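Hi everyone, thanks for coming. Today I'd like to walk you through one protein model, step by step. Please have a look at it with me.

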Amino acid sequence: MFSKLSNEVKAVFNKTVKELSAKNTLFVMTAFYPQRGGILQDVVKAGGQAVIAGGAPNQQLFTDIPQYSPGYDTTGISETPKEIYEIVKALPEELVSGRPVALFVEAPVGNLWSNNLRVKKRADIIASNEQNLRLFFEEKTNLQKILTEAGLEECFIPSEVVKAEQLDAEKISSLYAQYQGSNGKVVIQSCGAENFESGGGKGTSIVSSAEEFAQNIVQHKGDVKVARFIDGFCSNMSMFVGNTIADKEHGGVQKGHLTSEDNAFSEDTIYALLQRGKEIGISEDKTIVLTARASLKAIGDKNLTGSSSNGVGNSLGYEFPEEINAKVYEISQKLGTLMAQCGKVGLCGADLIIDSDNHIWINEVNDRQQGPTEQLSLDAENADLVGIHRLAFISNYADCSAPKTQKLLYQIQQSSENLYKKSLESDGSFYIKMMGKQQGTATAIIDLKPGVYAIDKQADGSWQWDFSQNHAQSQNIDLNQSRIYAGLTGVSLKKGQLVPAGAQILRIVGKAKNGSSPFNIQNNKVVLNKKWLPIVNKLYSDIFGKDYNHQQTLLMNKNNSAQR
């Protein structure tokens, strides 16, 4: 049953690409995280034409998809109108001028991308996945209201939003005393209109003492969220959210939007969004929420990043207890249905923290494609299930008024719970996100392309990467073997290329179970498996030189000494 449904989703996807291609449509991905545009590879395979605006100079992350950089690495920079203009400007005008364009944005924040393409490049935007609801759903000051309206009050982490400029010594001391955990830790997060972030842990600090709390919080501007530190391990939940009401004018299904009269930083805006959703016919029975299995998420591992708040990897096949899997599904349905009734269409999810009692807390809502989303989708399709990234594509670009597509959306709606349960039985992948972990900028000393490479264990127990041959596919990794195969994705390094601290360099991807999994839960925290450390460190040194890891160790020791 599910394999038929999966095949029908792929058939509608291919049909959509062919219909748009017949109009000479160009798919344009403009994003700060172009590594998350793998769906465009399937667009090209189906006969479409696609380009990426963004990334580093001379970079090409995906085979057969040209990439145009503004002359500097755009990964992870602030998503401002000026930066969007610079990235769009990098596209050759003759490529898009007067041409039908279908716009793909990994983390949409409004119509800035399409407006720039339309005005600056004279593109004819005929389809887009742009929405601006992210401004509301990702705003930390709105989280409690969102969870309350979704019926998820028990998942809200105790917290308070304050104005940094209005804090005196007495209030600072009181805040720390109120929210410190048993280990003295408190979470501080920038939020509000002055501090809208693009995700990835930016603007988040974890402090461990009253002194550190006082020093940190006065460095913030505007609204600051002070939250209790939950002692638990992190998980990531991804889902597709949408509806069955076709948008006959723009393609896909009906979308909701914030208007100029809405305040994205007011929690009560949720009622205006729900009302407008009702006005265009999005009742609960017209919503679709398809949940992917939860992942085990690693954050701030010192072996992979210099920041304690950076997400550095996910184990997508981790086998959680049944009660956690059931609660993840309940959370996704309640939160997803609320977002769908507000007109959200596409990929989204939430960052979760699971404590020692298996209670699930929601740290934040992510109204965008998340790090593990694409690989979760591919894992689902490899198990003959529906990939949520392909479903999101259909809901944004397909003719959803067609009877076949309407039937397909209805079938997915009715099969949602069974699809989720079946996904829990399938093999899951992992990815290790390697970040620039030194301060300043490092220089690549080799050329490196995406692919599957062999890694050989040496007589002394060390590992050696073999970049001489790109293999067809990876295999399940067993670290007891003398040779393993792992994929490298999201990489397009050239010798001499500069990589700034905090930038994503690449991802190591594959499948592994038991003792060969790259991440373990240790003292209620997800950490890199020690068996993987020599493999990761060797790759760092191959890319940046043998002293790279040594310099990082010296820097960490220096910082630790300064803190003492």
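I'll go through the cores, then the cysteines, the sheets and a few helices.

A quick word on the ground rules. This is a predicted model, where local features need pLDDT of at least 70 and side-chain atom pairs count only at pLDDT 80 or more, while totals for chains, interfaces and linings use all residues. Residues are numbered from 1 along each chain as its sequence is written, and side-chain values use heavy atoms, with hydrogens and water left out.

Let's start inside. In soluble globular proteins, nonpolar side chains tend to be buried together. By a nonpolar core I mean a set of buried Ala, Val, Leu, Ile, Met, Phe, Trp, Tyr and Cys residues joined through side-chain atoms within 4.5 Å. Buried means under 20% relative accessible area, exposed means over 50%, and partly exposed is in between, using a 1.4 Å probe and protein chains only.

How many residues does the largest nonpolar core have? It has 77, and Leu506 and Ile508 are the ones with the most contacts inside it. The element that gives the most to this core is helix α11, residues 322–341, with eight residues. When I say helix or strand, I mean DSSP runs numbered from the N terminus: H or I of at least four residues for helices, E of at least two for strands. There is also a second, separate core of 27 residues, and Val12, Leu290, Cys400 and Ile412 are among its members.

Now zoom in on Ile508. Contact here means heavy atoms within 4.5 Å. Setting aside neighbours within four places in sequence, Ile508 has contacts including Phe430, Trp465, Leu488 and Trp532. Next along is Val509, which sits in strand β23, residues 504–512. Is Val509 buried or exposed? At 14% relative accessibility, Val509 counts as buried. Not counting residues up to four places away in sequence, Val509 touches Phe430, Tyr431, Ala486, Gly487 and Thr489. The C-alpha atoms of Val509 and Lys433 are separated by 8.8 Å, and these two residues are 76 apart along the chain.

On to the cysteines. A disulfide is a covalent bond between the sulfur atoms of two cysteines. The rule used here is a pair of cysteine sulfur atoms within 2.5 Å, and by this rule the count is zero disulfides. For Cys342, the nearest cysteine sulfur belongs to Cys348 and is 11 Å away. For Cys400, the nearest is again that of Cys348, at 17 Å. Cys342 is buried, with a relative accessible area of 2%, and Cys400 is buried as well, at 1%.

Two strands pair if DSSP finds at least two bridges between them. Four strands form this sheet in the order β6-β9-β7-β8, with antiparallel pairing. Which strands stand at the edges? They are β6 (159–163) and β8 (204–207), each with a single partner strand, so one side of each is left without a neighbour in the sheet. Strands β7 (186–190) and β9 (223–228) are joined by five bridges, and Gln189 has Lys225 in β9 as its bridge partner. Helix α8, residues 169–179, packs on the sheet and touches β6, β7 and β9, with its direction at about 165° to that of β6. Angles like this run from 0 to 180 degrees between N-to-C directions, and axes are lines fitted to C-alpha atoms, for helices over the stretch in contact. Helix α9, residues 210–217, lies across β7, β8 and β9 and runs at about 155° to β8.

Now look at strand β14, residues 346–355, where ten of its ten residues are buried. Ten bridges join β14 to strand β10 (232–243), and the two run antiparallel. β14 also pairs with β15 (360–366) in the antiparallel sense over six bridges, with Asp351 opposite Glu364 in β15. β14 and β15 form a hairpin with four residues between them, and Asn358 in the turn has a positive phi of about 65°.

Last, some helices. In α13, residues 388–397, ten of ten residues are buried. Thr16, from helix α1 (2–21), touches Phe393, Tyr397 and Ala398, leaving out residues up to four places away in sequence. Finally, α11 and α14 (403–423) pack at about 145°, with their axes 11 Å apart. Residues making that contact include Tyr329 of α11 and Tyr420 of α14.
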